[in-house]
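My notes follow the structure.

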Amino acid sequence: PHSTTISSSLHHHPNHPTTTAPDPVLRIHNSKTTSFLHHRQPATTITNETKNPPQEYENDHHHHRDSEDKPKTPPHILPPQEKQNILEMSLVTKRGPQFPGSIYANSLPSLQSVIQTQNEDDEDDEEVMIRRALDIRRKVTAEVFKAAMKKGKFGITYSTNLVNRLPDFIDHVMIEAAALKRSPEFKDSTFNLRAKLVIDHSNVVPLIRWLKHNNLSYPKIAKLICMSKGNLDSIRRLVEWLKTVYVKGEFLGATLLKSGDDILHRSLEELDEIVDYLESNGVRRDWIGFVISRCPRLLSYSMEEVKTRVYFYLNMGMNENDFGTMVFDYPGVLGYFTLEEMNQKVNYLKEFGLSTEDVGKLLAFRPQLMGCSIEERWKPLVKYLYYLGISRDGMRRMLTIKPMIFCFNFEATIAPKVQFFRDIGVREDAIGNMLVKFPPLLTYSLHKKIRPVVIYLMTKAGVTEKDIGKVIALGPELLGCNIAKTLEVNVKYFLSLGIRVRQLGEMIGDFPKLLRYKVDLLYPKYQYLRRTMVRPLQDVIEFPRFFSYSLEERIIPRHKIMVENRVNFKLRYMLACTDEEFNQRVADKVERRRRFESGRMDDAVSDSQMAEGTLGKTASSSLSS
């Protein structure tokens, strides 16, 4: 057997304070424990200790007597890793099981003796030790917090993820627990007990459960707890207030986190004042929750700031209803931008020739314009539209009819559509006119709306590749029609009349709007044409615009005039003119007929007179003979 020097748990008990290193106790070990010590201790230490064990045993009592007479020499300087082990042993929350006879593989002196024997002049080393001690205290506090979470029936993974995001609150608990030691009541209590008391007294675990029940994720819960700076009651108080203004549970976390760092420290009276003011200016009470959840920054403004922002829009001629609906449609219009940015955007819109009231109406209808950047969105778009030949008046028309166009990224949304129109044969000078004529065209999807309609017109409606560009340029509204519900229904109806596909394509080329009418309006006109007017189908093929005129206000009245005056016109001359022009045409036709008829009567009279004279001469000659 070999003898080695080890430290007994009786001399290294965690609750037994020692100011000096305990005397080593000699023990005889078998081969298993010796190999264990060889594995755990440096080889040189084991070798020196096991060379002459009897000598050490014999000198043990003599050494002990000398140590009483002579001042103790400081132990050897420990390496940094060993010092850290001693520190962790002294501060760690849970230590390994200890019992009489248990051992530590390394004979470690106490923390106090180690600190005293180090170089006291080395302040950096002492600062490092203090920092390590604080880190270990944080770990201890985190473990206590996890234990409290486990007691509150939270899972290990959830507790670990949450605690890892609570460094500020862990420090708060650690400081409060250290401060409790000054109290006589907790003077002799352990740090773990004091930390547990701080956590229990703060009611943080029930608060976490309540916030989780309100659909807040653990990152948001952790950030809220850190924002509270220890005043956890302010979180519950503000969440309850947000519920009273109809903020939904799924938006509570985002609303709290985006309302500013000081939102938990604002009084509820200030927040109620803001809500009441918005309600008095047209924002309905049941809209407030939606507005706040989409623009939480609004709660961080003072009452004066909120009034200034509201007056900015009301001074542009908006009434309360327009202002309320504008804020509901786009809550960010009230809180996301500085007053300087808002003024710059309004002044830029006025450059299109709009008045202040027009800009107010425009923003009330499309408040998302306020969220667009002048430099990044509007100026590049204006330059591109100018390149297409669109004047300022045309841009103003596009802005007033479809303001959403000025919210688009023209490179990703508008330019590909314009290139597609070029590819199908729309002339360059017609593209700008087409966009001004029908601005909603730019809001349609190229691949889901525009391209499928073009393909349908060429494959099912008989429009040739030569005419498709003209059809789209003259009737861009066709691209907004639903294929199944409008185009296909009309195509089937015209084909059912006996019109061939090629003829239908020519009709659409002459009048692209033909496919946009409802069959319920087309059927009565066609019946009147065929049965009452007794016109052939070819008349409709030659003049498809016939279906664009009102049956009651134009077709029937003009047909009656024609019947009364016994005149007849082609459909083009019958309908494609004003009432004055039509009446003049009828009068001219009647006059020509009268002249024609009077000319025939004159010829008939002269013929009869000539016939009578011939007969008289014949009769006279017969009598004389």
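These are my entries, in the order I looked things up.

I'm working with a predicted model, where local features need pLDDT of at least 70, side-chain atom pairs count only at pLDDT 80 or more, and totals for chains, interfaces and linings use all residues. Residues are numbered from 1 along each chain as its sequence is written, and side-chain values use heavy atoms, with hydrogens and water left out.

**Overall.** I started with secondary structure and found 35 helices and three strands in the protein chain. Those are DSSP runs numbered from the N terminus (helices are H or I, at least four residues; strands are E, at least two). Next I checked burial: 40% of the 625 residues count as buried. My cut-offs are under 20% relative accessible area for buried, over 50% for exposed and partly exposed in between, with a 1.4 Å probe and protein chains only. The chain exposes about 36000 Å², and carbon and sulfur atoms supply 52% of that. Areas come from the Shrake-Rupley method with a 1.4 Å probe; for residues, only the protein chains shown count as cover. For contacts (heavy atoms within 4.5 Å), I took those with a separation of 6 or more, and 72% of them join residues 24 or more positions apart.

**Serine 234.** Is this residue buried or exposed? Serine 234 is buried, at a relative accessible area of 1%. I located serine 234 in helix α13 (residues 233-244). A polar atom of its side chain lies 2.6 Å from the backbone oxygen of asparagine 231. Setting aside neighbours within four places in sequence, I get contacts from serine 234 to Ser228 and Leu264.

**Salt bridges.** Side chains of opposite charge can pair when their charged atoms come close. My rule is a side-chain nitrogen of Lys or Arg within 4 Å of a carboxyl oxygen of Asp or Glu, and the count comes to 20 salt bridges. I looked at three.

- Aspartate 135 pairs with arginine 138, with the closest N and O atoms 3.0 Å apart. Both sit in helix α7 (residues 123-151), three residues apart, so about one helical turn separates them. Aspartate 135 is partly exposed at 38%, and arginine 138 is partly exposed at 31%.
- Arginine 266 pairs with glutamate 270, at 3.4 Å between the closest N and O atoms. Arginine 266 counts as buried at 15% relative accessibility, whereas glutamate 270 is partly exposed at 36%.
- Arginine 396 meets aspartate 393 at 2.9 Å, N to O. This pair is three residues apart in helix α23 (residues 392-401), again about one helical turn. Arginine 396 is partly exposed at 25%, and aspartate 393 is partly exposed at 43%.

I also looked for shared partners: salt bridges join Asp135, Arg138 and Asp171 into one network.

**Helix packing.** Two packed helices are described by the angle between their axes and the distance between the axes. At what angle do α25 and α27 pack? I get about 10° for helix α25 (residues 415-423) and helix α27 (residues 446-459), with the axes 12 Å apart. The axes are lines fitted to C-alpha atoms over the stretch in contact, and angles run from 0 to 180 degrees between N-to-C directions. Angles under 35 degrees count as roughly parallel, so α25 and α27 are roughly parallel to each other. Pro416, Lys417, Phe420 and Phe421 in α25 meet Leu446, Ile450, Arg451 and Val454 in α27.

Definitions and conventions:
Polar contact = N/O pair within 3.5 Å; in protein donor to acceptor, adjacent residues only side chain to side chain. Parallel < 35°, antiparallel > 145°, perpendicular 65-115°, else oblique.
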